[in-house]
Amino acid sequence: MADEATLTDRIELRGRRYLELARLIEPHATRLLQDQKKLNLGIKDISYRFKLIERIIEKVIDKKKSGKNYDADMLPDILGYRIVSYHLSDIASLIGNIFNNSICHSLFLPNSEIEITVNSNFESDSPLSNFESIKETIQNHPNHSYFSKVEIKPDTRKTGYSSVHVVGTWIPPKTDEALKFLKNPDNPKSMLIEIQLRNCIEDVWGSYDHTYYYNTQRGKTSDEFQHLRILKLMLDGVNQFMEFIKRDLPKAAIVETESSKHRRPIDSPDRHKEVFTQRFPRLAADYEKACALWNDFEARRKNGDLNLLEETANAFYTLEFNEEITRHKSTPPLDRIYYSLRAERAYIFSYSRDQNHLDAAQGIYETLIKEDTDDWVSRYRLGSLLQRRGNNPDEALKQLTEAEQLFKRLSSEKRTGIGWVAGSISQIQAIVHWQIANKVRDRLDEYDHHLQAARKLAQSVVDASGADHVEFGPLNDLIFYLAEVGLSLTARGESKTAQFNEICDQLRAYLPKLRNALERGRKSSTYQLADTLLRASVLIGEPSDIKAHAVELLEILCKIATDAALERGDLAANAQPLGRHRAAAYLNADQLDSHAFALEQLDQIHLAR
């Protein structure tokens with residue numbers, strides 16, 4: 001008896017500490033969750049409750065008696081929230097919103113585990129189950145990587161119970177009271193908390209079932225309770241009809257004034273502001289904010305700053321899963337707004353350094369292409385993403401080629417007039433050919449095929465630019481591929497051939513144009529160009545006049561890079577220009593006679609980057 005009393009006292013003490021932590025978390029958490037009602041996400045009600053200390057003690061003792069090593073820290077519902085929506089289809093977007101920055105980063109412990117259980121009386125692959133939509137929402141969410149593990153599992157309940165339970169580890173806000181509590185080493189620093197999500201019909205069923213069935217016959221399905229299962233079937237029918245009303249009734253009010261398959265151009269989402277504001281006036285301010293973030297992110301991204309990536313992706317994610325928008329996601333022409341929101345999120349993710357983000361971007365693009373096989377923009381961007389990832393160059397080339405063909409067909413139909421797109425596709429195709437060439441260096445015929453394809457594509461871009469307006473990027477690529485072809489010929493002992501002389505003539509022609517491009521003030525790509533020039537001058541090495549051109553331009557580039565780094569006071573960036581200076585000095589001193597030494601210097605410069 002004494003031991004049992006001691007155990008009860010210990011459980012009570014620990015339970016009360018967790019209750020105290022829960023009371024510190026609740027005001028902040030409630031405010032954050034109540035704010036979600038303002039977002040028009042289809043929330044009917046939000047409530048919470050604390051578990052009584054008597055129930056905590058009883059629950060822990062029951063678990064221990066069953067042989068489990070259990071304590072109060074393992075109870076997921078000392079503090080529990082319930083979010084009730086109007087429609088079943090709202091729940092996936094509500095869970096997605098819980099993962100957004102304002103809630104996720106404020107409530108959940110970083111790198112913790114989260115468990116989502118989809119309780120339903122339908123199998124997980126049934127169209128009447130929420131499981132697949134919830135799974136897709138979470139797996140594609142930008143904050144998926146905030147957690148060390150996210151487990152989403154179905155639980156088919158024969159009793160008819162249906163609700164989604166989200167259990168995660170929460171932390172208190174940084175208030176004076178909470179900080180004082182956390183200073184005590186005996187007090188818990190975090191705790192498991194559960195959010196239950198269900199729609200209003202499920203909530204009615206849950207309350208009725210809990211009163212007449214749960215407390216006496218939990219888990220049983222005897223004939224005595226057959227009438228309750230019939231009631232559940234009736235309520236499931238009501239749920240389905242509510243979804244029908246939500247999905248189909250608004251169609252009569254929509255006048256289709258434009259094709260639902262209009263082509264999405266490559267530009268800022270600002271283009272859609274007018275249409276978005278007309279169709280969704282209550283969300284106009286949110287879309288305005290998302291566009292502003294997109295433009296700011298794009299400007300910073302070009303300078304290597306990705307700090308706004310997650311915030312921008314979240315802004316489009318919140319709109320994408322807004323109840324008002326998802327209601328029309330299959331309704332022309334409003335379906336194209338939903339389509340565009342996903343495309344914007346994929347575009348933002350595609351520049352991330354996080355593999356989960358890149359996987360999400362790739363998955364979104366693949367889904368968009370399935371929905372619209374004529375979407376050349378998504379094919380182009382998927383091909384570009386695959387090129388940057390470098391793990392499937394054949395698929396990248398396939399998507400880029402199809403994007404090019406679709407673009408040419410749509411351009412001839414005057415559906416778009418973006419003159420630089422064809423050149424951009426060709427540039428990326430050239431890079432992919434180069435990636436494939438690197439993989440087949442031991443198969444000379446294939447290597448030559450892809451290397452020459454890269455050179456010809458780069459040549460076509462430069463030729464299309466006009467003699468007086470060739471920019472850094474195309475020139476950089478062309479000189480790089482010309483140098484590689486020259487290296488390949490030299491390695492085979494063919495440096496005296498007509499083809500080698502042709503390559504040298506082209507280098508003589510294009511290196512001075514590079515100087516002109518520099519003088520026009522396009523200096524943002526100097527680091528990349530220095531590597532290209534090193535290849536042009538080091539890897540070929542002869543004739544000496546080509547080497548002299550390259551050395552001169554290297555010195556110009558080194559000065560630009562060094563001045564820029566010193567102006568910014570960026571000591572880390574000084575490693576690059578200093579490496580360039582050293583390479584230029586080696587070139588002037590004719591110390592790069594052997595390929596091995598040349599490649600060693602190139603490797604050092606890449607490491608400096």
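Please keep in mind throughout that the model is predicted.

I shall begin with the sheet. Strands of a sheet pair through backbone hydrogen bonds, in either a parallel or an antiparallel manner. Here we have an open sheet of 6 strands with mixed pairing, and the order reads β1-β2-β6-β5-β3-β4. At its edges are β1 (43–50) and β4 (149–156), each of which pairs on one side only. From one strand to the next, the twist averages 15°.

Within this sheet, consider the pairing of β3 (residues 113–120) with β5 (residues 163–170): the two strands run antiparallel and are joined by 6 bridges. As one point of reference, Ile-114 stands opposite Gly-168 in β5.

Which strands does helix α3 lie across? Helix α3, residues 91–98, lies across β1, β2 (79–85), β3, β5 and β6 (191–199), and runs at about 155° to β6. Helix α5, residues 131–139, also packs on the sheet, where it touches β3, β4 and β5. The direction of α5 makes about 175° with that of β4.

I turn now to the helix pair. Two packed helices are described by the angle between their axes and by the distance between those axes. For helix α15 (residues 376–389) and helix α17 (residues 421–439), the axes come within 10 Å and cross at roughly 35°. The crossing of α15 and α17 is left-handed. On the α15 side, the contact is made by Trp-376, Tyr-380, Ser-384 and Gln-387. On the α17 side, the residues are Val-421, Ser-424, Ile-425, Ile-428, Ile-431, Val-432 and Gln-435. By class, this contact has 7 nonpolar residues, 4 polar and no charged.

Finally, the cavities. How many cavities of 30 Å³ or more does a search of the whole structure find? The search finds 5. The largest cavity has a volume of about 60 Å³. Its lining consists of Pro-269, His-272, Phe-276, Tyr-287, Phe-316, Ile-337, Ser-340, Leu-341 and Glu-344. Helix α13, residues 335–349, supplies the largest share of that lining, with 4 residues. Classified by type, the lining of the largest cavity comprises 6 nonpolar, 2 polar and 1 charged residues.

Conventions. Residues are numbered from 1 along each chain as its sequence is written. This is a predicted model: local features need pLDDT of at least 70, side-chain atom pairs count only at pLDDT 80 or more; totals for chains, interfaces and linings use all residues. Side-chain values use heavy atoms; hydrogens and water are left out. Axes are lines fitted to C-alpha atoms, for helices over the stretch in contact, and angles run from 0 to 180 degrees between N-to-C directions. A crossing is left-handed if the near helix is turned anticlockwise from the far one by less than a right angle, and right-handed if clockwise. Contact means heavy atoms within 4.5 Å. Ala, Val, Leu, Ile, Met, Phe, Trp, Tyr, Cys and Pro count as nonpolar, Asp, Glu, Lys and Arg as charged, and the others, Gly among them, as polar. On a 1 Å grid over the protein atoms alone, a cavity is a set of points where a 1.4 Å probe fits but cannot get out, and a pocket is an open set with protein on both sides within 12 Å along at least five of seven lines; lining residues have an atom within 4 Å of a point. Grid points are joined across faces, edges and corners, and a volume is the space filled by probe spheres set on the points. Two strands pair if DSSP finds at least two bridges between them.
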